[in-house]
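Visitor: I'm new to reading structures. Could you walk me through one?

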Amino acid sequence: MRNRAVPASVLAGVGAYVPPRKVANEELAERLGRSPEWIFQRSGIRFRHVVEPGTTSGDLAVAAGREALSRAAVGDVSAVVVATTTPDRPCPGTAPSVASRLGMAGAAALDVQAVCAGFVYGLGVAQGLIAAGTADSVLVVGTDTLSLNVDPTDPTSMLFGDGAGAVVLRSGDHEEPGALGACVLGSDGGGRDLITVRGGGSEERSAAGGAPADPYMRLEGREVFWRAVEHMSSASRAALDAARWKPEEADRIVAHQANARILAVLAQRLGVAADRVLSDIERVGNTSAASIPILLDHADRTGDLEPGHRVLLTAFGGGLAWGATTLVWPQLARPH
């Protein structure tokens, strides 16, 4: 049972930003030695957005955060949580800079690194800050520029695009629309080599001699596919159980946009109709920690998410890390 004395975290605003430059499959096909249709059939992606030189994850985060804040009537935000695998610098974190640029100098600000599960982890962190009374409201941003971290000759590079999405959470009541349910989170560090960037950390710096470690993101596609399905399914069921919903009672499932085939198998595992699983992967690709909030923003704008919809969020990423939570979609202020 929920402790009614502990405030709920209620979604009050959503926003997103993707960089203007689109990269279609045709642009990648010759470089990868594949046809545009081959890329689409194996990923569900037709194009993705990528940053121009000089644009950072923090820049995208500021744009998405500003949009979410403009739609949330919450006054001053107490904390900023930025989920990213591609921070502007190894040190310091990106969140303090984002907070400062948004006019929130002095607010608590921290980064969360859980790769593609980062946004759901960020929701869990924000939920804890609000429940503890540390913050009355929190801006949670997922932002990544993985186009800068992939080997352009590796076929898996076709999956990734850049972007940022954000939500504002405020303190509220557990029974009101927008209140987050339990955040179910998990990890398995034994699978860290399945999705990894080996270079740039203390592991590389502490090694005696030898060639520099690989600076690019590498992933074992087949194994990652089935791990993603397994862990998103189990986390989703746990979150649904906590909300006392049956899978078929979820009106919309918003899962990390890793691969269209993963989304299809996830729907089968949960026993829900495929049309309840929302997707925008065809037009934005895999944007890592940004994928869920970008999709929330898009679905709210198009009407695919309507007030009263029961929504399941779930994600899987490197770590390995995974998570899920639920909410009833609220009535939000229209975009400016």
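Guide: Happy to. Let's begin with the surface: the chain exposes about 14100 Å² (Shrake-Rupley method, 1.4 Å probe), and carbon and sulfur atoms supply 50% of that. Keep in mind that this is a predicted model, where local features need pLDDT of at least 70, side-chain atom pairs count only at pLDDT 80 or more, and totals for chains, interfaces and linings use all residues. Residues are numbered from 1 along each chain as its sequence is written, and side-chain values use heavy atoms, leaving out hydrogens and water.

Visitor: How many helices and strands does the chain have?

Guide: Helices are DSSP runs of H or I with at least four residues, and strands are runs of E with at least two, numbered from the N terminus. Here you get ten helices and 13 strands. The radius of gyration, taken over C-alpha atoms, is 19 Å, close to the 20 Å from the globule rule (2.2 Å times the number of residues to the power 0.38) for 336 residues, so the chain is as compact as a globular protein of that length.

Visitor: What share of the residues count as buried?

Guide: Buried means under 20% relative accessible area (1.4 Å probe, protein chains only). In this chain, 52% of the 336 residues qualify.

Visitor: Is T94 buried or exposed?

Guide: T94 has 2% relative accessibility, so it counts as buried. You'll find T94 in helix α4, residues 94-101.

Visitor: And which residues does T94 touch?

Guide: A contact means heavy atoms within 4.5 Å. Not counting residues up to four places away in sequence, T94 touches G58, P87, D88 and D111.

Terms used:
Buried < 20%, exposed > 50% of the residue type's maximum accessible area, 1.4 Å probe, protein only.
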